[in-house]
Amino acid sequence: MAGNKTFTMIKPDAVENGHIGAILEQINTSGFRIVALKLTQMTKADAEEFYAVHNERPFFGELVEFMTRGPIVAAILEKENAVEDFRTLIGATNPADAAEGTIRKRYATSIGENAVHGSDSDENATIEGAFHFAGREMF
Ligand code: DGI
């Protein structure tokens, strides 16, 4: 899984607010193929591991609490230049700074509850995809 794939989560806020369909539609019409997909919920241990790189940050507790409070949609996406193009599609971390038409601009509510995740490197896309999916769940 190098170069042409990325990993995403539709976060609990966007699931609660009924945006799963609209976000998947925007992902598909932007040229990404869905390789793996499921509705799941992270445990506290899952979220602490997934976001371990942030464990010294002041918002870490809040981030773990948020990401575990309800179901998420996890997906692996395929496209040329997937990681960078998907980061462009979702927009800046803080929706207030996100470009018009981006997923976070449309569906996020705050910097903490920002609707979607997108891997920040090919290496992390591989690690994060494997964290959520078994080989037989990837198509
Ligand atoms: O790669 P991103 O998701 O755009 O951003 P990141 O890797 O810097 O941070 C990961 C997540 O952590 C981000 O999507 C939301 C959360 N986060 C980042 N900065 C803040 C934050 N949450 C809160 N509450 N406050 C922050 O300043």
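By a nonpolar core I mean a set of buried Ala, Val, Leu, Ile, Met, Phe, Trp, Tyr and Cys residues joined through C-beta atoms within 7 Å. Please bear in mind throughout that this is a predicted model.

Let us start with the core. The largest nonpolar core comprises 30 residues, and those with the most contacts inside it are Ile-10, Ile-23, Leu-77, Phe-86, Ile-103 and Val-116. Two or more residues each come from β1, α2 (20-29), β2 (33-40), α4 (60-67), β3, α5 and α6 (103-107). The greatest contribution is that of β3, with 6 residues. As background, nonpolar side chains in soluble globular proteins tend to be buried together.

Apart from its neighbours within four places in sequence, Val-116 is in contact with Thr-8, Met-9, Ile-10, Lys-11, Ala-14, Ile-23, Ile-90, Ile-103 and Arg-104.

Next comes His-117, which lies in strand β4 (residues 116-118). UniProt, in an unreviewed entry, places the feature "active site" at this histidine, His-117. Is His-117 buried or exposed? His-117 is buried, because 21 other C-beta atoms lie within 10 Å and the threshold for burial is 20 or more. Setting aside neighbours within four places in sequence, the contacts of His-117 are Thr-8, Met-9 and Lys-11.

I turn now to helix α7 (residues 122-132), whose buried residues are Ala-125, Glu-128 and Gly-129. These cover an arc of only 100 degrees around the axis, and therefore lie on the same side of α7. Among the elements covering the buried residues of α7 are β1 (5-10), β3 (72-78) and α5 (82-90).

Finally, two backbone details. Asn-81, in the loop between β3 and α5, has a phi near 60 degrees, a positive value in a residue other than glycine. Asn-81 counts as exposed because it has 12 C-beta neighbours inside 10 Å. Ala-115 is found in the loop between α6 and β4, and its phi, near 70 degrees, is likewise a positive value in a residue other than glycine. Ala-115, however, is buried, with 27 other C-beta atoms within 10 Å.

Thank you for your attention.

Conventions
Residues numbered from 1 in each chain as written. Predicted model: local features only at pLDDT ≥ 70, side-chain atom pairs only at ≥ 80, totals over all residues. UniProt positions renumbered as here; feature names shortened; annotations may be inferred. Helix = DSSP H or I, 4+ residues; strand = E, 2+ residues; numbered from the N terminus. Contact = placed C-beta atoms within 7 Å. Arc of directions from axis to C-beta.
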